[in-house]
Amino acid sequence: MNHAAPLAPTRAPRRSQLPRHTAMQLAATEYDRMSAMLAELRPDDWSLRTDCAEWDVRQLASHLLGMASMVTSPMEVARQQKAAKKVHATRGGQMIDSLTQVQVDERADRGPAELVAEAERIGRRAVRGRRLLAIAGGRMKLPEPEQVDGHPEYWTVGYLMGTILTRDPWMHRIDLARATGHALELTPEHDGVIVDDVVREWAERHGQAYHLELTGPAGGQWTSDELRSGTDTIAMDAVEFCRILSGRAIGTGLLTTSVPF
């Protein structure tokens, strides 16, 4: 059984809790699995709607590839951010939405074969870029806050590079599987580590006593160090647990605490 003790709330920028070597191994595996899933898609799959309301499968893939491409070099980070600021000036909202719009729009004319080919070559470059960006500025605070549960919070570059940019394609791989009906590859050694990190952050964010039992290849059991009498057990599928925390499904009680993906 895993013990994930709630940590004291902090106003400091959020840092990745994954060792850098582990984080980069997870990133490499996730890019490989993303590429493999895109290569398996049938011609009709690309126009199917996804759980991301504004995107079909092709647009979702375009975002995934755009985000992976962004972190291949500091120059590409700057280029995409500059383009996103232009979009943001006209549409407003959150900057991340403008950034993802740029990534989708830039690939609007690319067909499935082109997107699959990009996925096959981008993973290693993205991992290398993320590693270098994390080394160079891992503890630096990102310039803009993110909204989580309706509250602004700052992240470090290391949290973005080591944690969020792996959770994002992981959750979108789930979106793709749900949209297309393709099998979702899950293993304890990869997906289980991602879920464990999500659980620990969720426990920190809500700070309450809990006992959690998640089923499936990515599942496990977690409990707070101080388990109060009468604490209900939360039991469900590990993937569905993460979908709820991401806002893709409705949760109650402690499951209303969001975790960013």
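Visitor: Ala84, buried or exposed?
Guide: In this model Ala84 is buried, with a relative accessible area of 2%, where buried means under 20%, exposed means over 50% and partly exposed lies in between, using a 1.4 Å probe and protein chains only. The model is a predicted one, in which local features need pLDDT of at least 70 and side-chain atom pairs count only at pLDDT 80 or more, while totals for chains, interfaces and linings use all residues. Residues are numbered from 1 along each chain as its sequence is written, and side-chain values use heavy atoms, with hydrogens and water left out.

Visitor: Where is Ala84 found, then?
Guide: Ala84 sits in helix H3, which covers residues 74-91; helices here are DSSP runs of H or I with at least four residues, strands are E runs of at least two, and both are numbered from the N terminus.

Visitor: And which residues is Ala84 in contact with?
Guide: Once neighbours within four places in sequence are set aside, Ala84 contacts Met95, Ser98, Leu99 and Val102, a contact being heavy atoms within 4.5 Å. Leu160, which is 76 residues from Ala84 in sequence, has its C-alpha 18 Å from that of Ala84.

Visitor: Stepping back, how many helices and strands are in the chain?
Guide: The chain has eight helices and six strands, and in sequence order they run β-α-α-α-α-α-β-β-α-α-β-β-β-α. The radius of gyration of the chain is 18 Å, close to the 18 Å from the globule rule for 261 residues, so the chain is as compact as a globular protein of that length. That radius is taken over C-alpha atoms, and the rule is 2.2 Å times the number of residues to the power 0.38.

Visitor: What share of the residues count as buried?
Guide: Of the 261 residues, 51% count as buried. As for contacts with a separation of 6 or more, 64% of them are between residues 24 or more positions apart.

Visitor: Which residues touch the most other members of the largest nonpolar core?
Guide: That core holds 73 residues, and those touching the most other members are Leu38, Val195, Val199, Trp202, Leu212, Leu214 and Phe241. Helix H6, residues 157-180, gives the most to this core, with 11 residues. A nonpolar core here is a set of buried Ala, Val, Leu, Ile, Met, Phe, Trp, Tyr and Cys residues joined through side-chain atoms within 4.5 Å. In soluble globular proteins, nonpolar side chains tend to be buried together.

Visitor: What does Leu214 touch?
Guide: Leaving out residues up to four places away in sequence, Leu214 touches Val195, Val199, Gly219, Gly220, Trp222, Met236, Asp237, Ala238 and Phe241.

Visitor: Changing topic, where is Val239 found, and is it buried or exposed?
Guide: Val239 belongs to helix H8, residues 238-245, and is buried, with a relative accessible area of 11%. Apart from neighbours within four places in sequence, Val239 contacts Ile174, Leu184 and Leu186. Its C-alpha atom is 30 Å from that of Arg139, a residue 100 positions away along the chain.

Visitor: What about the phi of Asp149?
Guide: Asp149 has a positive phi of about 55°, although Asp149 is not a glycine. This residue lies in the loop between strand S2 (146-148) and strand S3 (151-153), and Asp149 is partly exposed, with a relative accessible area of 42%.

Visitor: Where is the place of Gly150, and is it buried or exposed?
Guide: Gly150 is in the loop between S2 and S3 and is exposed, with a relative accessible area of 61%.

Visitor: Last one, where does Gly111 lie?
Guide: Gly111 lies in the loop between helix H4 (95-105) and helix H5 (112-137), and is partly exposed, with a relative accessible area of 22%. Trp46 is 65 residues from Gly111 along the chain, and their C-alpha atoms are 9.3 Å apart.
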